[in-house]
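Thanks for asking me to look this one over.

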Amino acid sequence: MVKPRVLVTRRWPAAVEAKIADRFDVVLSNNDIALKPAEFRQAFKDFDAVLPTVTDKIGPDAMELAKPRTKLLANYGVGYTHIDMPSAEALGMVVTNTPDVLSECTADLAMTLMLMAARRAGEGERELRGGRWTGWRPTHLVGTKVSGKTLGIVGFGRIGQEMARRAHHGFGMDIIVHNRSRVAPDVLAKYNAVQVNDLDDLLPRCDFVSLHCPGGIENRHLINSRRLDLMRPNAFLINTARGEVINEFDLVQALTFETIGGAALDVFDGEPRIAQTLLDSDRLVMLPHLGSATAEAREAMGFRVIDNLQAFFDGQTPPDRVN
């Protein structure tokens, strides 16, 4: 029996690559560099399935071809706004993602960012490594207490709920939620959370705001100057969702003029390019998109892709189909 021909666009954990190689006729990435549109067009002619990641920008230009061989885009990651879904559907491509398996690790990192920003950990490490620390003193790098404060969570899916669990049960935080659909009362009750209908109502009530909503056109620049002005002057903004959710120019203005207390970002608009104004801000904590970067999560994501591949080529509906 001929094995389906599969392309993996980036390097994946060794255990996952080995399992894919055992089950499929696979071409693995050698250089670990994102493909260009022309390379995707060729891949769609040569492979039965293509396995992209969030760094692969599969826009309409990458799908300008007729009758592709590729019938499955098995995405490595939860978000799929980097894939032009109308074009994929027009070409008859099924798209899948990898939910559930990275929720805990991404929430762990969101908590890390929140604590780093509140306690000025990035500033402290830079000072220490730079040889500028002169010793303990009562007014040195005074930060903000996290325990018992109010956390606003924007997007209350799996990751948002994991964030609420850590914040409420671990740090005694009060939880306010904004979500595009109604959250079941029993789910809110787990965290003693309150849901508000309007994001503008959430922002002024919170000491910390953590973004866990989808990216894409509908949420592009969801957080802009008007909404930053609604936040408390000592509040912190945390983003582990998608870079485009925040207007970065407006965020820099808010940080520069100290209209909010600080911010922490794991994702950026146009990454891996980072605006110099962000790099220059000492009141901003930044990490290089590490939300799911644990061995456990990255392997589980890959195995989830394999489950979708196997189901599709067995003639079944992939468990994580998104279109």
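1. How many bridges join strand E9 (residues 208–211) to E10? Four bridges do, and the two strands run parallel. One of the pairs is Ser 210 with Ile 238, its bridge partner in E10. Please keep in mind throughout that this is a predicted model.

2. Let me stay with strand E10 (residues 236–239) for its side chains. Phe 236 and Ile 238 point one way, Leu 237 and Asn 239 point the other way, and all of these are buried.

3. E9, helix H9 (residues 225–230) and E10 form a right-handed β-α-β unit. A right-handed β-α-β unit is also made by E10, helix H10 (residues 248–256) and E11.

4. Now the sheet that holds these strands. Seven strands make up this open sheet, ordered E8-E7-E6-E9-E10-E11-E12, with parallel pairing. Its edge strands are strand E8 (194–195) and E12, each of which pairs on one side only. H4 packs on the sheet, where it touches strand E6 (150–154), E9, E10, E11 and E12. The direction of H4 makes about 150° with that of E10. Helix H6 (residues 158–171) lies across E6, strand E7 (174–178) and E9, and runs at about 175° to E6.

5. There is another open sheet to look at. Five strands form it in the order E2-E1-E3-E4-E5, and the pairing is parallel. Strand E2 (25–27) and strand E5 (94–96) are the edge strands, each pairing on one side only. Neighbouring strands of this sheet are turned by 20° against each other on average, direction ignored. At one end of the order, three bridges join strand E4 (residues 72–74) to E5, which run parallel, and Leu 72 stands opposite Val 94 in E5.

6. Which strands does helix H12 (residues 295–313) lie across? They are strand E1 (5–8), strand E3 (49–51), E4 and E5, and the helix runs at about 160° to E4. The buried residues of H12 are Ala 297, Met 301, Gly 302, Arg 304, Val 305, Ile 306, Asn 308, Leu 309 and Ala 311. What covers them includes E1, helix H1 (14–23), E3, E4, E5 and helix H4 (103–118).

7. After the helix comes Gly 315, whose phi is positive, near 85°.

8. His 289 sits in the loop between strand E12 (284–286) and H12. Leaving aside residues up to four places away in sequence, His 289 touches Val 54, Arg 242, Asp 266, Val 267, Glu 271 and Arg 298.

9. Last, the whole chain. The protein has twelve helices and twelve strands. Its radius of gyration is 21 Å, close to the 20 Å that the globule rule gives for 323 residues, so the protein is as compact as a globular protein of that length. The C-alpha atoms fill a box of roughly 70 × 50 × 35 Å along the principal axes. Of the 323 residues, 50% count as buried. Among contacts with a separation of 6 or more, residues 24 or more positions apart account for 62%.

Notes. Residues numbered from 1 in each chain as written. Predicted model: local features only at pLDDT ≥ 70, side-chain atom pairs only at ≥ 80, totals over all residues. Heavy atoms only, no water. Pairing = 2+ DSSP bridges. Axes fitted to C-alpha atoms, helices over the stretch in contact; angles between N-to-C directions. Contact = heavy atoms within 4.5 Å. Buried < 20%, exposed > 50% of the residue type's maximum accessible area, 1.4 Å probe, protein only. Right-handed = clockwise from strand over helix to strand, strands pointing away. Rg over C-alpha atoms; globule rule 2.2 N^0.38 Å.
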